[in-house]
Amino acid sequence: MPRVGISLGDVSGIGPEVTALALAKPAVRRALVPVLFGDGPTLDGFPLFRRFPRVALEDLGRTTGPAVVEVTRLAQKHRVPGKPSREGGKAQYAYVRAAIDAMRAGTVDALCTAPVSKEEISRAGIPFMGHTEVLADAFGVDVLMMMDGPRVRIALATNHVPISALPKLLTVEKLVAQLQLLSRSLQPVVGRKPRIAVLGLNPHAGEGGMLGREEVEVIGPAIRAARAKRVDAHGPIPADGLFARPDEVGAKYDVVLAMYHDQGLIPAKALDFERTVNVTLGLPVPRTSPDHGTAYAIAGTGTASCVPMMEALLKAARLSGGAGRAALPGASPGPRRPPSGR
């Protein structure tokens, strides 16, 4: 079975409890071998995790079964459910970095990240825009965030950026590279060249230039350039029109490329919040995440659903070998960047 690394996320959020609940499910136990990167005392609070041997990061390659890499030992006051702390912010980032080290060493076959708080990590003095950006920087590759749901797949041309920055961030070169990455990534999954719907940026996809020029000057030319490279891309398509009949989207297109975060995340979460999984395309090792946050308001109450974490873990396991691994190439067609050693 594939070894799936799991970064614990914010221990004051629901990450630890939904991870424990998900790993207790027979379907998950049959699909993967878990390796947790997290806080020792927090994990000791769950009977399942107390049975996992503690292993040093550098010794992971000598083990084959479930394991815990104890990255921190937080004081009780820094791991209270529903009450995030600065030390907890530092810790959740440290779990991700430890998991990245394991990915580099080849001691995990995939990574599933429990939810973190960008705000708390930033308050701890660590510049952090999200898992996707950290992973791209760590491996020096261009990546693409995709919401993989049972009814529709939606990829994002831009991630965690202000709306005001979009016109400068969207370029023909960038969109062509993303469309090639989407096509190459999904072809082994769908068994043919995937049909890609490309959304416009402006209302009514710019209305021929009357409501914005991005469709005329950037998105349209990018689609034509991608089609010249044998990518089956279509658009620009108005977002409201496309998602007005959501069942028809999945029947007509294999994936949608949205121009910005909320344009893609709103329909993805509205259509199937619990079973939609965040997948990072372009990494040498598959990465998935449940499509929800830390949920401090319900942390520790026992009411959090583990279904999203289950789906993310199972997706990571499926993508870690065979056709799944082929669907997650090691780099996008864009230029490589020097990887970060942080």
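Student: Which residues does T64 touch, not counting residues up to four places away in sequence?
Tutor: Good place to start! This is a predicted model, where local features need pLDDT of at least 70, side-chain atom pairs count only at pLDDT 80 or more, and totals for chains, interfaces and linings use all residues. Residues are numbered from 1 along each chain as its sequence is written, and side-chain values use heavy atoms, with hydrogens and water left out. With contact meaning heavy atoms within 4.5 Å, the residues that T64 touches are R3 and V33.

Student: Is T64 buried or exposed, and why?
Tutor: T64 lies in the loop between α4 (47–50) and β3 (67–72); helices (H or I, at least four residues) and strands (E, at least two) are DSSP runs, numbered from the N terminus. Buried means under 20% relative accessible area, exposed over 50%, and partly exposed in between (1.4 Å probe, protein chains only). Because its relative accessibility is 67%, T64 counts as exposed.

Student: Why is helix α1 largely enclosed by the rest of the structure?
Tutor: Look at residues 15–23, which make up α1. The buried residues of α1, including P16, V18 and L23, pack against β1 (3–7), α2 (26–29), β2 (33–39), α3 (40–44), α4 and α14. The helix is largely enclosed because the buried residues number eight of the nine.

Student: How many Å separate the centres of domain 1 and domain 2?
Tutor: The domain assignment, whose bounds come from an automatic or database source, gives domain 1 as 1–140 + 283–327 and domain 2 as 142–281. Taken over C-alpha atoms, the separation of their centres is 28 Å.

Student: What area is buried between domain 1 and domain 2?
Tutor: Buried area is the accessible area (1.4 Å probe) that two parts lose on being put together, summed over both. Carbon and sulfur atoms give 56% of it here, and the total is about 1900 Å².

Student: Which residue forms a salt bridge with D148?
Tutor: A salt bridge needs a side-chain nitrogen of Lys or Arg within 4 Å of a carboxyl oxygen of Asp or Glu. The count between the two domains is one. In the D148 pair, the closest N and O atoms are 3.0 Å apart, and the partner is K315.

Student: Which element gives the most to the side of domain 1 that touches domain 2?
Tutor: The elements giving two or more residues to that side are α7 (131–139), β11 (287–290), α14 (307–319) and α15 (323–326). With six residues, the one that gives the most is α14.
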